[in-house]
Amino acid sequence: MKLWTLQPLSILDEIERTGSYRCNRELSYNLSKRDSLDDKYQWLIKRMEQRIGKRPEGVEYPIWAWHTWEEERRCPDIQSAAFLKRTEDKVLLTLEIPENEIVLTDFDAWQIILNGGYLALETAQEKLDELEEWIDSLEEEELDRAIEESWENLFEIAGSDSEERGRFVQATFWELKKEYILKTDIVEK
């Protein structure tokens with residue numbers, strides 16, 4: 001499956017030296033912050049292990065790539081606000097990875113999870129009103145459980161009644177192997 005990922009340029013040295021790259025917590029914006037989103041990542045990791053198997057020994061976190069950009073199977077626009085402005089040079093990698101090593105998720109839905117929200121598939125106002133009423137009736141423990149259960153909708157990319165689902169699809173996988181790289185494009189800061 002063809003994917004695209006934007007990574008710090010420094011990972012190319014590691015790939016050349018070891019034959020692969022594994023997510024480095026220190027290079028990950030969301031994982032290196034003091035108020036880390038680690039609990040959300042751990043939730044995703046468990047779901048990835050259910051779908052594509054256990055992490056290889058030594059792998060802590062997944063690597064992220066793009067599958068779909070603005071409803072098209074194409075390289076993302078790296079000038080988009082979706083990409084954090086960082087100070088280091090980066091590399092845009094075009095990859096070809098076996099499908100059985102990838103988990104696809106909806107980018108916008110992941111943002112809801114990162115913010116600890118309820119991830120509904122419904123978009124019809126009447127259904128949303130009913131859902132809101134039900135959520136408001138829950139006690140804190142029930143609410144927490146309902147919210148986490150709703151996160152399973154992250155993997156529903158198509159087939160929901162939302163026209164927004166699937167516009168931006170991301171891929172996660174355990175390890176970026178040298179043989180997966182089809183093309184490298186250096187992106188200077």
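Visitor: Which contact joins the side chains of S20 and E175?

Guide: S20 and E175 are joined by a polar contact of 3.0 Å between their side chains. Such a contact is a pair of N or O atoms within 3.5 Å, where within protein one must be able to donate a hydrogen and the other to accept it, and residues adjacent in sequence count only if both atoms are side-chain atoms. The model is predicted: local features need pLDDT of at least 70, side-chain atom pairs count only at pLDDT 80 or more, and totals for chains, interfaces and linings use all residues. Residues are numbered from 1 along each chain as its sequence is written, and side-chain values use heavy atoms, with hydrogens and water left out.

Visitor: Is S20 buried or exposed?

Guide: S20 counts as buried because its relative accessibility is 12% (buried is under 20% relative accessible area, exposed over 50%, partly exposed in between, with a 1.4 Å probe and protein chains only). T68 is also buried, at 6%, and its side chain has a polar contact of 2.6 Å with that of H67.

Visitor: How many salt bridges does a search of the whole structure find?

Guide: The search finds 11, each a side-chain nitrogen of Lys or Arg within 4 Å of a carboxyl oxygen of Asp or Glu. E49 pairs with K54 at 3.8 Å and with R55 at 3.1 Å. E49 is buried at 18%, K54 is exposed at 67%, and R55 is partly exposed at 28%.

Visitor: What salt bridge does R167 form?

Guide: R167 meets E71 at 3.8 Å, N to O. This pair links distant parts of the chain, 96 residues apart. R167 is partly exposed at 24%, while E71 is exposed at 57%. Elsewhere, salt bridges that share partners join R47, R51 and E152 into one network.

Conventions. Helix = DSSP H or I, 4+ residues; strand = E, 2+ residues; numbered from the N terminus.
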